Amino acid sequence: MKRYITIIFLVFFTILNGCQDLEIENPNNPNQEDVLSDPASLKNLAGSIFQNWYLYNVGYENTPAFMLGTAADATTSSWGNFAMQDMSFEPRRAWNNGASYTHSSITEEYFNNMYSLLSQSNDVLRVLKEDSTINAELGNERNMVKAVARFGQGVALGYIGLIFDKGYIVKENKEITGEDAEVELEGYENLTEASISSLNQAIKIARNNNFEIPEEWINGISMDNKRFERLANFMAAKILLSESRSKKENEKLKRWEKVKDYAKKGIKQDYTIMADNTVGSWASQYHF
């Protein structure tokens, strides 16, 4: 009899606990509202923009770097990994954009990662635009945070425009709410234009304000506003330089004049990121 009572008690206890609310707050995993309402957390979010941009571009299964290398004859490989073989055939084959393609993650994940970077940058800029309290608490660091977020916004849109034929242009002032919300796809030329606009804003902030970017934001590199301005100019030159998709586009003199102007104001020394041999931190799987 005792045995049956014990079983009944255990069943009742299980049902009782199963009806309780299992939503337990985890203080070590704050939600987005908490991050965006705290100056220190917002600063950390901006501080990870460089690192995320770096990691999204130096992976192997989630970046088109390898297959673009063989497609351009910049590298060679007889292996099928990462679509290297598929894209090295001559005459060139069209990219297989089907969801069932073995290497579909190369473009799918890269697309998602670039928009994750864009969303992160937009979040920071939106808070700086709307929250006067956080602006006041950030004090002199506000311009640094804003410049870095503009940079992230610019390179995200720029790289989407370089890799894809079309994409979505979404900045911090774009409201996308509700199930019926839609964003129109736009061509790579418009993506590049939006990218350069954001980079120009980053350049302007850096030119007009003094700040020091923490070294851990770009591992091993100390950067003041002047050096950051040069980096933003360099990225604008790089994106414009690589935008062309045809001989006709490549012959546009006006674009080359802009490239030259940005390049003259660009970096004068190597930017060497200090790797730490930790995947997901500061390690290049591409170079490995």
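**Aromatic pairs, salt bridges and surface patches**

Y286 counts as partly exposed, because its relative accessibility is 31%. Here, buried means under 20% relative accessible area, exposed over 50%, and partly exposed in between (1.4 Å probe, protein chains only). The model is predicted: local features need pLDDT of at least 70, side-chain atom pairs count only at pLDDT 80 or more, and totals for chains, interfaces and linings use all residues. Residues are numbered from 1 along each chain as its sequence is written, and side-chain values use heavy atoms, with hydrogens and water left out.

The structure holds 14 aromatic pairs. W53 and Y159 form an edge-to-face pair, with 6.1 Å centre to centre and 75 degrees between the planes. This pair links distant parts of the chain, 106 residues apart: W53 sits in helix 4 (residues 49-57) and Y159 in helix 8 (residues 142-163). Both W53 and Y159 are buried. F66 and Y286 form a tilted pair, at 4.8 Å centre to centre and 55 degrees between the planes. F66 lies in helix 5 (residues 65-71) and Y286 in the segment after helix 12, so the pair ties together parts that are 220 residues apart in sequence. F66 is buried, because its relative accessible area is 15%. One aromatic cluster is formed by F50, W53, F151, Y159, F211 and F228. Rings of Phe, Tyr and Trp (its six-membered ring) pair if their centres lie within 6.5 Å; planes under 30 degrees apart count as stacked, over 60 as edge-to-face and the rest as tilted. Helices (H or I, at least four residues) and strands (E, at least two) are DSSP runs, numbered from the N terminus.

Seven salt bridges are counted (a side-chain nitrogen of Lys or Arg within 4 Å of a carboxyl oxygen of Asp or Glu). R92 forms a salt bridge with E90, and the closest N and O atoms are 3.6 Å apart. R92 is partly exposed, because its relative accessibility is 36%. E90 is exposed, because its value is 59%. D73, E90 and R92 are linked in a network of salt bridges.

E172 and R150 meet through their side chains in another salt bridge (2.8 Å, N to O). E172 lies in the loop between strand 1 (166-168) and strand 2 (185-187) and R150 in helix 8, so the pair ties together parts that are 22 residues apart in sequence. E172 and R150 are both buried. A salt bridge also joins the side chains of E229 and R207 (3.3 Å, N to O). E229 is in helix 10 (residues 225-242) and R207 in helix 9, 22 residues apart. E229 is buried, because its relative accessibility is 17%. R207 is partly exposed, because its relative accessible area is 47%.

L191 is also in helix 9 (residues 188-208). L191 is buried, because its relative accessible area is 0%. Between L191 and G154 the C-alpha distance is 9.4 Å, and the two are 37 residues apart in sequence.

Patches take residues with over 30% relative accessible area and no salt bridge, joining like charges within 9 Å and nonpolar side chains (Val, Leu, Ile, Met, Phe, Trp, Tyr) within 5 Å. K260 lies in helix 12 (residues 253-264). K260 is exposed, because its relative accessible area is 56%. L241, L253 and W256 form a nonpolar patch, with about 300 Å² of accessible area together. W256 is in helix 12. W256 is partly exposed, because its relative accessibility is 32%.

Key:
Areas by Shrake-Rupley, 256 points an atom, 1.4 Å probe, with all protein chains shown as cover.
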